[in-house]
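Look at the sequence and the model shown here before reading on. The briefing then goes through the chains and their contacts by topic.

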Amino acid sequence: MEFAVLLLTPLLGALLLAVWGARPRAAEINIALSFGTFLAAVAVTVRVINEGNLTAAHEQFFLDPFNVFLVTLTAFVGLTTSIFSRPYMRIEMEHGRLSHGRLRLYHSMYQLFMTMMLVALTTNNMGLLWVALEAATLSTVLLVTLYRTPASLEAGWKYFILCGVGIAQALFGTILLYFAAEKVLGAEGVSALLWTHLAAVKGELEPTVLGLAFAFLLVGYGTKVGLAPLHNWLPDAHAEGPTPVSAVLSGLLLNVAIYAVVRCKILVEGALQSTLPSKILMIFGLLSVVLSALFLWRQRDIKRLFAYSSIEHMGIIAFAFGMGGAVANFAALLHMTVHSLTKSAIFFTVGHAAQKAGSQRIEDIRGLLSLNPTIGWGLMLGSLAILGFPPFGVFASEFLILTTAMKQEPWATPILLLALGVAFAAIFSRVQSMVLGHSTGKRLPHQPALLPVFAHLALVLLLGLYIPPYLADWYRAAASMIVGN
Amino acid sequence: MSTVAWLTQFLEVLAALILAPLFLGWVNACRAWLQNRRAPSVLLPYHGIRKLFHKDAVIAASASPLFRVAPYVVFGAMVAAAAVIPSMGTGLPFRSAADAIALVGLLAIARVFMSLAAMDIGTAFGTLGARRDMMIGFLAEPALLMVIFVASLLSATTALPLIAERLVVQPLALYPSLAFTAVAFTMVLLAENARIPVDNPATHLELTMIHEAMLLEYSARHLALMEWAAALKLFNYACIGFALFVPWGASIGSTGIGAMALSLPALLVKLAVAGLWLALLETVSAKLRVFRAPEFMATAFMFAVLGLLVHLLLGA
Amino acid sequence: MQHTPFDLQLLNACAAILLLLSFAMLAQRRIVALVNLLALQGAMLFIATMLLAWRTGQNHLYVSAALTLGLKVIALPWLLHVLIKRLNVQWDSEPLLNVPGTMLIGLVTVVFSFGLAQPIAELASTATRNSLGIAVAVILLAFITMITRRKAMSQVVGFLSMENGLFFGAMSATYGMPMIVEFGVALDVLVAMLVLGVFFFQIREQFDSLDLHNLESLKEDQ
């Protein structure tokens, strides 16, 4: 019941907002819908905590500790982003960058995007996972090009084509998976793509086929994660769209994609009886961290800067999942949570900062602290958090990952540390120049909604200082599930 | 080997010699009909050859002996090829020599001598034609070899008579690989025999000609031999195609004159259809610029390799 | 050589023609012809699916055959033709590589994909398992088609051709995916094309051309 509400609220909401159009209160409806989704997510989570794993609709959907925590996170960030986007979009309208039609498109697609991410997270069917991820991409392509500027069109085109091609590889991987599963689970095809069934028999799946399938799946979903060298589309798409879209793309869609990769990895590793897939994931992760740290130095656009930072963090998460083991997986899950919260908070402040300056170029943004202290502090604190300053949650997860790396993969630790240092210097120097100094900006026509920013940052701080025991249990359950025993 | 067998072999070669100009005439006549022109007589090539044999030969002062020898070598190579190709029967005495790869070599000898002779005099057009001809040959040969490989993979032999026999004996089936190679072979045939789209046999514009440019210095009996050899070449290629793709109708195994006589009508029918088909192809396609010829040959090669790959994968 | 039944021969022929069409698309420069080749590829896929459905008696294959016919033979080519007409993009520019070069790369790709598919094909129990290599080849050839083109429209055609290859791969390895997935994929493809249609008009409105040269300004150091 809660589950049906969880998926149907945003889906029907998308239709409603498409019909509602640009009438007044569309933004409020958007918030209300997101809130409903969030409530449903909480209810589902409570049920999973109390009753254990759930399946629904003939096992087509299922919830276990791993995905239910992502569902809650997604619904939460979805809610805060909708709150943030209300004043943000109004300001954009007044600046003349949006028309009513485009606002309607934005609201409707936003809800559709949420639906597709939730479907991708909760589906038990590996085929549906693919369908939902592709649909999530498609629903955001037109959002990336919402401003119709040449740059945004180029970003949208890259996003569409590169992710399309990438995800086509994932489809082939899924076909191979089905091919292997069909031999074990029977040709009727009822259960052969259901993850729970696959996981139960993963030891019997044909290793050669699954090995090949993983190569395709990793390339396919890895493109969506933005793992280097498949990351080309990501900075463009995240930088050129409206800021709320950047926030959900960076904060949520990347999580969903890496969730898909990890699901596949569990199956493949069970079949191969080796840690090769993990090793590959680790290498990809490390490469992403290093490359993005280097690219960070060349960024002049503030949103591109943080988009590259997303690649870096996805690399860290992939690396952690690749290392495996209960602690590393725990840390990876924690990092997914805190990155999501912090990155979306940063994009919120960045969005308003850019609106103030009338430009996304770093050199045009100056003196945020003197102009609007809340935005300035938000950006400063958010950046410190994402860079892994101690009291924040990112520090906790990165610390865990680094210590585990020292123990399990000592060779990787210096590389990781160095890359983190390089990234730190790059981002910090730029943020400093934006926050301090003299301002040139103008007043915004509407008061920005910065509650989400500080809510997110408070949560991240909380997670850094103290992880509530039930949350820790929950992470542990998920982590041990990913380890696979 | 019995005398009858040798006699049959001799008759087959004789038939090739006689039918070759007729086939050429038939193709030209078909082409004329398809283009709404009044067709020349089918027998025109005979008249041409006969006329040339009655003329006095004029040879350039700078010609070396090679120039005089070349027509005989080319003609000889073509006759030898005609003897080897199982156009009417597969049980003839030359059967053991009928290796497809050797056949390609035999055709290459003819080409080499022809090109050398064309360059021998040292005129610009001869050299130009020779160079172009070598380029096309260089591109066509791999494609032709690929075609032969596919056929030999299907029947596990490179002997042309055996390939033909196996195909006849096997139950009828769809062979996508053979279909692809047949396309490639047709393209090779067009290119090697100086037909449109690669060359125009009827051209009189020196800059675009390939085959004709090589014969500019020849006259009388030498020219007659060269033209007869060209007709034989076309005939031979057609017969290789029949052996590889449509061997039905040729007498299998038997060496008797009676069996040969029976296979003659089948050959005539196949030649008639092939001639019409060639004329049709030449009518619907436009002559390519010389520089586009590599593209044409690359496509032929692609078809042949595709046939090979499809065969390897699908076993068909 | 053992004798293969006639319907299987036909299926093999379909597979071979699919491969041939992929090569034709690789070499084709004109966008209208490219779309027609795509439709032809869809038609081959439809015939192959029908044959397979008839051969194996699996009813869901009839459904996916119908889906193929409706979507890949009729709807998408029609949509693309309309787009071409409305946007007035009749000609494609020269591809980045010349034709013989592309052909050679294509042939190497086919060899590679046959090698790739070999271990899987050996494990498969379907009668069509040999076509798996062809499916992989079609996918990779479509990929090359996309790489070597500059125009947005031809890239999209390459993308759809890749989808055809994927579909054919699913069919030859496992007689198709579960119905729900197939419907989902078909829906995604359809939506993708609609999004694209909108997208093309946006690009066109902005640049007056569909040449992707225009979309190359987002470099690292702008």
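Predicted model: local features only at pLDDT ≥ 70, side-chain atom pairs only at ≥ 80, totals over all residues.

Residues are numbered from 1 along each chain as its sequence is written, and chains are lettered from A and ligands numbered from 1 in the order in which they are written.

**Chain B as a whole**

- Chain B has eleven helices and zero strands, where helices (H or I, at least four residues) and strands (E, at least two) are DSSP runs numbered from the N terminus.
- The C-alpha trace of chain B spans about 60 × 45 × 40 Å along its principal axes.
- A compact globule of 316 residues would have a radius of gyration near 20 Å, and the 19 Å of chain B agrees with that. The radius is taken over C-alpha atoms, and the globule rule is 2.2 Å times the number of residues to the power 0.38.
- Of the 316 residues in chain B, 50% count as buried. A residue is buried if 20 or more other C-beta atoms, placed from the backbone, lie within 10 Å of its own, exposed if 12 or fewer do, and partly exposed in between.
- Among contacts in chain B with a separation of 6 or more, 81% are between residues 24 or more positions apart. Two residues are in contact if their C-beta atoms, placed from the backbone, lie within 7 Å.

**A helix pair in chain B**

- Helix α1 (residues 3-34) and helix α2 (residues 44-53) of chain B have axes that come within 7 Å and cross at roughly 125°. Axes are lines fitted to C-alpha atoms, for helices over the stretch in contact, and angles run from 0 to 180 degrees between N-to-C directions.
- α1(B) and α2(B) are therefore oblique to each other; angles under 35 degrees count as roughly parallel, over 145 as roughly antiparallel, 65 to 115 as roughly perpendicular and the rest as oblique.
- B:Pro21, B:Leu24 and B:Gly25 of α1(B) make the contact with B:Leu44, B:Pro45, B:Tyr46 and B:Ile49 of α2(B).
- These residues divide into six nonpolar, one polar and no charged. Ala, Val, Leu, Ile, Met, Phe, Trp, Tyr, Cys and Pro count as nonpolar, Asp, Glu, Lys and Arg as charged, and the others, Gly among them, as polar.

**Chain C as a whole**

- Chain C has seven helices and zero strands.
- Of its 222 residues, 51% count as buried.

**Helix α11 of chain A**

- Helix α11 (residues 276-296) of chain A has 21 residues and reaches 30 Å from its first C-alpha to its last, close to the 30 Å expected at 1.5 Å a residue. The expected span is 1.5 Å times one less than the number of residues.
- Buried residues of α11(A) include A:Pro277, A:Phe284 and A:Leu296.
- The cover over the buried residues of α11(A) includes α8, α10 (243-272), α12 (302-323) and α17 (412-435) of chain A.

**Chain A with chain C**

- The contact takes 40 residues from chain A and 37 residues from chain C.
- α6(A) gives the most to the side of chain A that touches chain C, with 19 residues.
- That side of chain A has 25 nonpolar, seven polar and eight charged residues.

**Chain C with chain B**

- In this interface, 21 residues of chain C are in contact with 17 residues of chain B.
- α1(C) supplies the largest share of the side of chain C that touches chain B, nine residues.
- By class, that side of chain C has 15 nonpolar, six polar and no charged residues.
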